Amino acid sequence: MSGSIGTNHPRRDAEDKLRGRTLFTVDAEAGLMLHAALLRADVPAGRIVSMDLEPARRMPGVRAVVSAPDAPGIYGVMVADHPLFAVDEIRYHGEPLAAVAAETIEQARAALAAIEVVIEERTPLLTMAEALAPGAPELHPDWRDYELLAGEGARDGNVSWESTVVRGDVDAAFARDDVTVVETLFRCGRQNQTPLEPRAVVAHVERDRVVITTSTQFPWSVKSGVARMLGVEPSDVRVIVPAVGGGFGMKWEMSIEPFAALLARESGQPVKLVNTRQEEMQTALCRENAEIRIRSAVTASGEIVGREGFVLLDCGAYSGEQPFLASMVTHTLFGSYRLGSARLVSQAIYTNTPPNGAFRACCGTYCVAALERHTDEICAELGFDRQEFRRQNVLGDGDLGPTGDVFEGDVLGPMLDAMDELRDRSPRHRPDNDRLLYGTSTTVGTWFIFVGPSAATVNLNPDGTATLVTAGVEIGSGSTMQAIPQIVADVLQIPVSDVTVREADTDAGGYDGGVGGGRTTVSLGAAGAAAAAEVQRKILDLAADMLEASPSDLTLDDGRVVVDGVPSLGVTIKEVAAQAQARGGPISGSGSFTGTGNVGMAGCAAGHYIGALDLPVFSVHECDVAVDPDTGHVTVLDYRVVQDVGRAINPRAILGQVQGGVVQGLGYALHEEVTIDRRGKVRQEGFETYRVPLAGDSLPVQLEVYEGAPSMGPLGVKGAGEVPILNVAAAVSCAVADAIGRTVSEIPLTPPRVLGLMLERDGADVELPHVPTDWREAVVADAEQLLAVAPR
């Protein structure tokens, strides 16, 4: 047997990356390559009165200058509202106005400085409160004319998208005499993904097709998006993806690729465009800032008979990912627990700020934080033990999710039991310092695997090795380079080192839904397993002829085909491959996969791209903290995780993902926050002013891998790369609240913020007067119609 599954195989790309041999898009070079730069708006809102590009065209070394008339298309994720260049109106600081390609980057930047632009500034709407204020101007007056690219959601003015949920009679639940109503407010800022490799692209034209080499998580999205913006067919665009130096969601959407493609087409030469770190900070598709009001009706026995929520997500100047995430709020903020009835509205709001996007576990990080703070506040109000209340109420087999989808298997309850065991055997660190305040927390979270479509081909090479061809991207998590080769090797019973993965290329690999949502090992793994199974069948059929046996009597074992019960009688896979070359041609197999399309109750959800979860994934986190009462500084002493993985393909790789996800989450919980000044500019311009976790901020994570939960993935696997960050802000927030004895309603928990809470300073407590309290008044859709069709 190959021993591929459940074994700690080393990463095949590790040494090259450690020694600096791996080439990323940012390292790409091409003959006669030009260098590009973008002219960006330096105001957050305004009307372009005039723009003269001719001075730039006359500058030395300039070969191409393009602006809005060269790319009249509009793009988006679910709503087509985003022009490539500002057209008449500027909607955020940093919005592209023009692009230049020149022989050197210095010449390109000098040409940008020569462009003459006259802008009539407008008063910006920089916060969601300003955008929702009565009489606020609409950022997109023509929003009614925008094309919907996916789904249907209510929209109105500065509400880019609305998702709603109604299940059961919430009014009756809150009106009961035997319930206590508990309300929680929560607010979070933006978080920048800060991948080490910035967004980068090289584009050239080859045989009338645009060829794009780029650092992306979703090559097929880039292919279709660039085609849309250039006015060509998707088949006229090829996308190649070398190793990606991190993405974390920032590189999920198309971004700078069309600029390079336009300039390459205009100049007839290859064009390279790389964002500076300052541009990455100013225009990153950050995890959005959000504001939440959640309230529950709970009986004295601990039953949650009703829950209601109001969520505002800042999508920035264009809708981007946030309409999609508005529906994901449902499954995270209203996930994890049994609810007798549920009512929720989540709205994506336009503001004059840089567009937001996806970031590892997206909205789940702050929704779980808000939910778990709310859960602790319920326990404090009604006198429940925090762990026992969770154990009593977590979702189990046959329970309904917020949209009426039925959960399969008891998972969270046994995971809480596993956490008890992990806590008992893990070291606990508590400094001998009576001056510090100590707190602990136990939190649960629900996320999902965004399964979606994937395709794969496996080619059996003449030497008996295999090559996996897909459009899946290796972004650093190891799924494509590590987990999927282990799955293929397991099917073919060959060493993992004998499986080579070809870099993503839309001309070679079939469609793939991109790397994100924890989907790679599940979707691409299933497609790879199916392709390998076809190769296996062909190997057995040919070997049967060679051995004069029936295929049903043959088994693959350690690179050989052997007769069952007679292991000495067989042939090597290499010999079978050679025979195939001579008789019928090389052996290959193809496979594909997509989700089953789980659905919730009819009438429950409106405006949801994902109405129910195809594949939920769960996590339980615990955190011990010490808080300095003099400074407000929070020290995380210990961190414990029980992670639902379905089946562990590579336990050491899972530990690496959990360790990294927790540390990244600690940055979000304790000090990372993108802030915007009144000129609409991001204050943090680089790593000097944006505080990401350092080595001294990390700590060893104690991990228990939980296996056996139901899964549609190959071998019962679930994705393990995204969910480790899910509970971290929740665990830290709840532990800090436990330590200081004060309500924690905002992250990050910087020392000044924590000190303000302890000293009860004015403004320390979160107030959200613009977040609605009446669900009927909050929704922009017809509230009574939503209530009328909702299941009771």
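In the predicted model, helix α10 passes helix α17 in a right-handed crossing. Two packed helices are described by the angle between their axes and the distance between the axes. For α10 (residues 364-382) and α17 (residues 728-740), the angle is about 30° and the axes lie 8 Å apart. The two helices are therefore roughly parallel to each other, since angles under 35 degrees count as such. On the side of α10, the contact is made by Thr365, Val368, Ala369, Glu372, Arg373 and Asp376. The residues contributed by α17 are Ala729, Ala730, Ser733, Cys734 and Ala737.

The crossing of α9 and α10 is right-handed. Here Val329, Thr332 and Leu333 of α9 meet Gly364, Cys367, Ala370 and Leu371 of α10. The contact of α9 with α10 contains five nonpolar and two polar residues, and no charged ones.

Salt bridges in the structure number 58. One of them pairs Arg390 with Glu372, with the closest N and O atoms 2.9 Å apart. This pair links distant parts of the chain, as Arg390 belongs to helix α11 (residues 386-393) and Glu372 to helix α10, 18 residues apart. Both partners are buried, Arg390 as well as Glu372. Glu372 is also among the residues through which α10 contacts α17.

Another salt bridge joins the side chains of Arg373 and Glu377, at 3.3 Å from N to O. These two residues are four places apart in helix α10, and are therefore separated by about one helical turn. An α-helix has 3.6 residues a turn, so residues three or four places apart point the same way. Arg373 and Glu377 are both buried.

The side chains of Asp738 and Arg386 form a further salt bridge, with an N to O distance of 3.7 Å. Asp738 lies in helix α17 and Arg386 in helix α11, so this pair ties together parts that are 352 residues apart in sequence. Asp738 is partly exposed, with a relative accessible area of 34%. Arg386 is likewise partly exposed, its relative accessible area being 25%. Elsewhere, salt bridges that share partners join Glu388, Arg391, Asp417, Asp420, Arg423, Arg428, Glu622, Asp624 and Arg640 into one network.

Helix α18 (residues 751-758) has as its buried residues Val754, Leu755, Gly756, Leu757 and Met758. These residues pack against the strands β21 (437-448), β31 (616-627) and β32 (634-646), and also against helix α17. A cis peptide bond joins Ile747 to Pro748, with omega at about 5°. After α18 comes Glu760, whose phi is positive, near 55°. Most residues other than glycine have a negative phi, and most peptide bonds are trans.

Leu32 has a phi of about 55° and is placed in the loop between α1 (14-18) and β1 (34-40). Leu32 is exposed, with a relative accessible area of 69%. Asp88, with a positive phi of about 70°, is found in the loop between β6 (82-83) and β7 (89-90).

A buried loop position is provided by Ile256, which lies between β16 (237-241) and α7 (257-267). Its relative accessible area is 4%, and a residue counts as buried under 20%. Leaving aside neighbours within four places in sequence, Ile256 is in contact with Arg199, Ala200, Val201, Leu273 and Asn275. Ile256 and Leu84 are 172 residues apart in sequence, and their C-alpha atoms are 9.1 Å apart in space.

Note on methods. Residues numbered from 1 in each chain as written. Predicted model: local features only at pLDDT ≥ 70, side-chain atom pairs only at ≥ 80, totals over all residues. Heavy atoms only, no water. Axes fitted to C-alpha atoms, helices over the stretch in contact; angles between N-to-C directions. Parallel < 35°, antiparallel > 145°, perpendicular 65-115°, else oblique. Left-handed = near helix turned anticlockwise from the far one by under 90°. Contact = heavy atoms within 4.5 Å. Salt bridge = Lys/Arg side-chain N within 4 Å of Asp/Glu carboxyl O. Buried < 20%, exposed > 50% of the residue type's maximum accessible area, 1.4 Å probe, protein only. Nonpolar A, V, L, I, M, F, W, Y, C, P; charged D, E, K, R; others polar.
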